[in-house]
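The sequence and the model are shown first.

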Amino acid sequence: MKQLVDILRLNHHLDSSGYAALLTCDSVTEQYLHGQAQQVTQQVFGKGIFVRGLIELTNVCQNDCLYCGIRKSNSNVERYLLTTEQVLQCCRQGYELGFRTFVLQGGELPRDKAPWLIELVSSIRHHYPDCAITLSLGEWPREVYQQMREAGADRYLLRHETHNAEHYGKLHPAEMSLYNRLQCLKWLKELGYQVGTGIMVGSPRQTLNNIVEDIEFIEQFEPEMIGLGPFIPQHATPLSKYPVGSADLTTKLYSIFRLMFPCSLIPSTTALNTIHPRGRILGIIAGANVVMPNLSPAAIRPSYALYDGKVSSNAEAAEGINELETQLSSIGYHINWDRGDYKITN
Ligand code: SAH
């Protein structure tokens, strides 16, 4: 089994049975897999972990994804949309703390908000010319992605969620399609964004084979960023009764993708840290090299409840950056405050 890890490290590729074997490997192989992935991460990035300040722009959403706590039919949610001034204030605080990437994430806003969003990106670009702007705002027409890019956005995160159309249909309402999701990813790439995609690990009805399909899609898509977190049920959604995804499987995937794409940016996600008390550290030990502390105004954080128990304080929060630094130094790592753009480094 260790041989499979060696082949993946060397060739950055396995056949589908190889991926399936690694996903189900025993703990000895798993430790070896993490060790190899961690070595590769350190060869490329040293022991610096990039930080991105996450601004949860809005929980207003016109989509109805069956897993998501801010889906439009969840009437328990008190909806908010930060103002331009509030977003700029978050950036100001983040900049003073040292952040050089801002990530605007949110639900899918009504289409007539596009001009406002584009204006918002422009103002952040104007005030923070040295910072990277990452968007994670769902599906938009190509022209809107293009205008956002021209306004100064550098990166876009859009998880494909699953590459199997039948599985996609079990997680999303009929009006959404895998085809459109993949079309958006293609456009983003054409427009010159650094693109991130990924999945929820252990999402309802996901099979091992689905995960292998996801790995193979990501392998051919070649994203700059790969976002993976465990599925966590949210009590007011139709999928509330499904079990939480596995931390073990999530970290195995971090390692597999690190060996596949040595230079990629892989966050150790909040979802992983929500289901495991040492989740963030386990992710880093498995080859992740990014964390995304929360820069949103404290008052709105509880309303951005994608899933139950979502952590947004202490080392998960921008104001807890010292705690993050301490945690990282306990395993010999530190924060790398650079913008941390994707680049081929060797
Ligand atoms: N509206 C944007 C941003 C969504 S939130 C978009 O559609 O891309 C970002 C990610 O949170 C989603 O892509 C999804 O993978 C994840 N997420 C949503 N609900 C979740 C849940 N219940 N458990 C774990 N992750 C979840």
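Strand 7 gives five residues to the lining of the largest cavity, the largest share from any element; helices (H or I, at least four residues) and strands (E, at least two) are DSSP runs numbered from the N terminus. The model is predicted, and local features need pLDDT of at least 70, side-chain atom pairs count only at pLDDT 80 or more, and totals for chains, interfaces and linings use all residues. Residues are numbered from 1 along each chain as its sequence is written, and side-chain values use heavy atoms, with hydrogens and water left out.

**The largest cavity**

The whole structure contains three cavities of 30 Å³ or more. On a 1 Å grid over the protein atoms alone, a cavity is a set of points where a 1.4 Å probe fits but cannot get out, whereas a pocket is an open set with protein on both sides within 12 Å along at least five of seven lines; lining residues have an atom within 4 Å of a point. The largest cavity has a volume of about 1,000 Å³, a volume being the space filled by probe spheres set on the points, which are joined across faces, edges and corners. Its lining comprises 50 residues, and Q105, S136, R159, E161 and L306 are the closest to its centre. Among the elements that give two or more residues to this lining are strand 2 (53-58), strand 3 (101-106) and helix 11 (270-275).

**The ligand**

The space taken by the ligand is this largest cavity; a molecule sits in a cavity if more than half of its atoms lie within 2 Å of its grid points. The ligand is surrounded by 18 residues (a heavy atom within 4 Å), of which Y67, G106, R159, E161 and I232 are the closest.

| Residue and atom | Ligand atom | Distance |
|---|---|---|
| Y67, polar backbone atom | nitrogen | 3.0 Å |
| R181, polar side-chain atom | oxygen | 3.2 Å |
| I232, backbone N or O atom | nitrogen | 2.7 Å |

The protein covers 92% of the 550 Å² of accessible area that the ligand has on its own, by the Shrake-Rupley method with a 1.4 Å probe.

**The largest pocket**

The largest pocket holds about 150 Å³ of space. Its lining includes E30, H34, D248 and L282, and helix 3 (27-45), helix 10 (247-260) and helix 12 (279-285) each give two or more residues to it.

How values were computed. Polar contact = N/O pair within 3.5 Å; in protein donor to acceptor, adjacent residues only side chain to side chain.
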